[in-house]
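I opened my notebook to look around this structure one piece at a time. Come along and check each entry against the picture.

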Amino acid sequence: MQIYLPIAEIPVNVIVILLLGLLTGFLAGMFGIGGGFIATPLLMFIGIPPAIAVSTSANQIIASSVSGLLANLRRGAVDIKMGLFLIIGGFIGSSLGVSLFQLLQKTGQIDIVISLVYVIFLGSISIMMLIDGIKTITAKKYNIVWAVKENSNMDGFLKWAEDLPWQVHFPKSGITISVLVPITLSIGIGVLVALMGIGGGFIMIPAMIYILRMPSAVVVGTSLFQIIFIACNTTFLQAVTNNTVDIVLAFLMIISSSIGAQIGNRSGTKVDADSLRSFLALLLFAVCFKMFFSLFTSPESLYLIEVLKK
Amino acid sequence: MIKLFTASLLSIFILLSPSISVASSIISGISTNEINIDTKFNGAEILLFGAKDDFGNIVIAVRGPKKNFLVTRKEKLFGIWHNGKRVKMKESYSYYSFFSTARDTGTSEQLMSELELGKNNIDFNSSADVNPEDKNEFQIQLVDHFEKEKLYLNNSHGVDFLDETLFKVMLKFPKNIARGLYSVEIYLINDNNLSSFQTIPIYVNQVGLSARVLDFAYQQSFLYGLLSIALALVVGWLANYLFFRFIGK
């Protein structure tokens, strides 16, 4: 069953798009990530122009995040206060990132730098999470006692963060931390998001767990909460400045991803937090692995062709 | 049929080629002048038919609206692939299909080149600072890309003769064609002389819901952006409500 997309200007298979939405929605509901890092390349793969794939994914992410957020809100698993600070930083960071992107684009070799930073960043996070997850799971299941490093770098950082001004208590997460930490963190992630053109939920989640030390139960909901705002901002700016949001494509994905988010959310609650974290680590590692290899393997086509707007 | 002749273009070509004999030695028409892209669009075919009453080869070229293209070469640096040299190809045909009954184009090569007939004769314009070798390399890649996308078709056997004078050709337009004005050009070439020429326009437009969405997105992009967001918010909320209502926590 084919439908012609008015903005992308090509026909697509409706079933394929619905399944794609279902998958990204499921990931959003289960792990609290937007799913743009899977949806965008898959949309490009079926022939949607890159600019339209990026913007339309942002539009679809709003729906799956709202659907997933509401499910989490019902269980009270959202730290709205923390989310608001993350949104402030996210807006500053993504604006900075957009300017930085334009600057780097003029100077030339930007792609390679971004890809390398990304692979290193994502690779180290996912391996860290994976090791952590395996340790906790095996410790529980087989009563293995893992040696704990006395002074990890993270502890040093947390000690240092305790002395920062503007300490605020976040009752939902049960943590007290200087607001400078979540704001700086989300500025950094915002910059990366703007540079990479994708959601950033999958960087935000590990950051919430390891740097902010938020409990796993509220991480998914809080991540979805802040993603909604960032995705709304992106969708609107793209629609107004570049006309790259295809509402027909978005609508198809919105329907299935909202449903996917509900299914993902329910599946997420059935799995314990440690396994969930390990699953996410595996997913991130797979993405990183694919990116790493695509840097070194010969591309399918040695030339890239784009239509320029007049 | 006569109104399909664009008199002005014809006169230009008469001036171009002094050896033109009779203007009406070839006459043809197409099954439709319009390709309407609606939500069910998945490519189109148009039948071109005609008759010739003179010697010579029939050469047909269909040209799509011109667009600017950016071709980027991927390069390897310390084993890592990245985007390297870029060349902008200005005002290139977004669609080009070519048919000819000539077995050997050698005799009329000069004329074919002047009229940009055949994929090897299409003119490409890059910026002035691009050296000819690079231009040639990137041009070949662009044509290659178009051929893979079925946007450039070079078909020397596509002209079917029903008898000595009557012929038909099936013009194929893939699903990813650009909107705009296309021109079908039919030439009768005898040796190196253009003995007849005709051009027929084809309009490719979006229609119906598809067209309305397109207009809305471009003309009222502010509202369009807000609507896109509202749609996502409402459907996301609705999905949650329905799941909660009928499936439970």
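Which strands does helix H3 (residues 132–148) of chain B lie across? I found that H3 of chain B lies across S5 of chain A together with S5, S6 and S8 of chain B. H3(B) runs at about 80° to S6(B). For such angles, axes are lines fitted to C-alpha atoms, for helices over the stretch in contact, and angles run from 0 to 180 degrees between N-to-C directions. I also noted what a helix or strand is here: helices (H or I, at least four residues) and strands (E, at least two) are DSSP runs, numbered from the N terminus.

**Ground rules.** I reminded myself that this is a predicted model, where local features need pLDDT of at least 70, side-chain atom pairs count only at pLDDT 80 or more, and totals for chains, interfaces and linings use all residues. Residues are numbered from 1 along each chain as its sequence is written, while chains are lettered from A and ligands numbered from 1 in the order in which they are written.

I traced an open sheet of 4 strands in the order S5(A)-S5(B)-S6(B)-S8(B), with antiparallel pairing. Strand S5 (303–308) of chain A and strand S8 (125–126) of chain B stand at the edges with a single partner strand each, so one side of each has no neighbour in the sheet. Two strands pair if DSSP finds at least two bridges between them. S5(A) and S5(B) pair over 6 bridges in the antiparallel sense, and there A:Tyr303 has B:Arg73 as its bridge partner. Strands S5 (residues 66–77) and S6 (residues 80–93) of chain B pair over 10 bridges, also in the antiparallel sense. In that pair I spotted B:Lys74 opposite B:Asn83.

**Where the chains touch.** I looked up the contacts next: 47 residues of chain A are in contact with 47 residues of chain B. Two residues are in contact if their C-beta atoms, placed from the backbone, lie within 7 Å. On chain A's side, the largest share, 10 residues, comes from H3(A). By class, that side has 33 nonpolar, 10 polar and 4 charged residues. Here Ala, Val, Leu, Ile, Met, Phe, Trp, Tyr, Cys and Pro count as nonpolar, Asp, Glu, Lys and Arg as charged, and the others, Gly among them, as polar.

**A helix pair in chain A.** How do H3(A) and H9(A) cross? I found that their axes come within 8 Å and cross at roughly 150°. That makes H3(A) roughly antiparallel to H9(A) (angles over 145 degrees). Among the residues that meet, I noted A:Ser55 and A:Ala58 in H3(A), and A:Val220 and A:Gly221 in H9(A). The residues of this contact divide into 13 nonpolar, 9 polar and no charged.

**A buried helix stretch.** Just after H2(A), A:Gly47 takes a positive phi of about 105°.

I noted 5 helices and 13 strands in chain B. Buried residues make up 31% of its 249 residues. S2(B) and S13(B) run parallel, joined by 4 bridges, with B:Asn36 opposite B:Asn205.

Key
A residue is buried if 20 or more other C-beta atoms lie within 10 Å of its own, exposed if 12 or fewer, and partly exposed in between; C-beta atoms are placed from the backbone. Angles under 35 degrees count as roughly parallel, over 145 as roughly antiparallel, 65 to 115 as roughly perpendicular and the rest as oblique.
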